[in-house]
Amino acid sequence: MQKIFIHEVGPRDGLQAEKVTVPLEEKIRWIEGLFESGVNIVQLGSFVHLEKVPQMADTDLLFQHFASHKPDHVTLSGLVLNEKGLERGFACGVELFCMGVSASETHSQKNTGMTATEALGRIIQMAKQALSAGKKVQVSVQSAFGCGFEGPIEQEKVLDIVKSYLNASIHNISLADTAGHAQPQQVEDLYGAIRALDSDVELACHFHNTYGLGLANCYAALKSGVTYFESAFGGLGGCPFTKLPAGNVCTEDLVHSLQRMGLRRDIKLDVLLTVARQVSAFFDRELPGFIVKSGSIVDFEGRKEH
């Protein structure tokens, strides 16, 4: 079985649509818990216009704080949409730059104000600039499995974007199910088509749980050779620029599922659950995740019910 990496996007995707602003000190507490859990990558925030996404106003401060306050096993990632965001990321210590293009023209316009073609040209140039500066880069295809505005997205449109990335020598590629339309067979087919283009590509997935298929799609991605899994604490999240925002795959549920298959037993599930409970208490509501409510049965094997 290939090495599996957990990319925690809760501090960014999990919080970006929340109405109640999370204080910097609270974010720092949650992120320190994520570090302790043993996840591989933590996305601290996105470099976006503060009026559009107020929750991300302290992204630069978070990176500055954790530049010298993080364990070696954790990579700090940040989402950038344009050249100005890239400059801010360079200035505050982003280690992994995440950037992408939507396969949906409607979503692209709402999210970036650009057509997909315009965005692709700019993203590729930004990715090359970051790679030249010695940074890690992950590029994505957003709305890769469908769009809440446009419906089904043709596979060839997704593959054309992927081909442009590969032709630019960018080989860490994520498919984002922004609208939550993916289903497992579609996931296997699309990732299989990408691996047919380049067997050495590093594949990532980002699923939303809009219609309840998030974990099933993660399993299909795992079978298809995907090694990077993006998820959010408590199952929070959702793109504010899609038609029906819904939460990400829940990190605790994903890790629990992997651990039941004997994978990533090194991650401290109890620590992830503590973070989820802290987040739940802050927002004063029950979160979508299951394991925070039911508890783990990873070590249940062999026990007898009484």
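Visitor: Is Phe282 buried, partly exposed or exposed, and what's its relative accessibility?

Guide: Phe282 is partly exposed, at 27% relative accessibility. Buried means under 20% relative accessible area, exposed over 50%, and partly exposed in between (1.4 Å probe, protein chains only). Keep in mind that this is a predicted model: local features need pLDDT of at least 70, side-chain atom pairs count only at pLDDT 80 or more, and totals for chains, interfaces and linings use all residues. Residues are numbered from 1 along each chain as its sequence is written, and side-chain values use heavy atoms, with hydrogens and water left out.

Visitor: OK. How many aromatic pairs are there?

Guide: Nine aromatic pairs. Rings of Phe, Tyr and Trp (its six-membered ring) pair if their centres lie within 6.5 Å; planes under 30 degrees apart count as stacked, over 60 as edge-to-face and the rest as tilted. One of them is Trp30 with Phe233, edge-to-face, at 5.9 Å centre to centre and 75° between the planes.

Visitor: Where do Trp30 and Phe233 sit in the chain?

Guide: They link distant parts of the chain, 203 residues apart. Trp30 is in helix α2 (residues 24-37), while Phe233 is in the loop between β8 (228-231) and α10 (251-260). Helices (H or I, at least four residues) and strands (E, at least two) are DSSP runs, numbered from the N terminus.

Visitor: Zooming out: how many helices and strands in the protein chain?

Guide: 12 helices and eight strands. The radius of gyration is 18 Å, close to the 19 Å that the globule rule gives for 306 residues, so the chain is as compact as a globular protein of that length. That radius is taken over C-alpha atoms, and the rule is 2.2 Å times the number of residues to the power 0.38.

Visitor: What does the C-alpha trace span along its principal axes?

Guide: About 60 × 40 × 35 Å.

Visitor: How much of the chain is buried?

Guide: Buried residues make up 56% of the 306.
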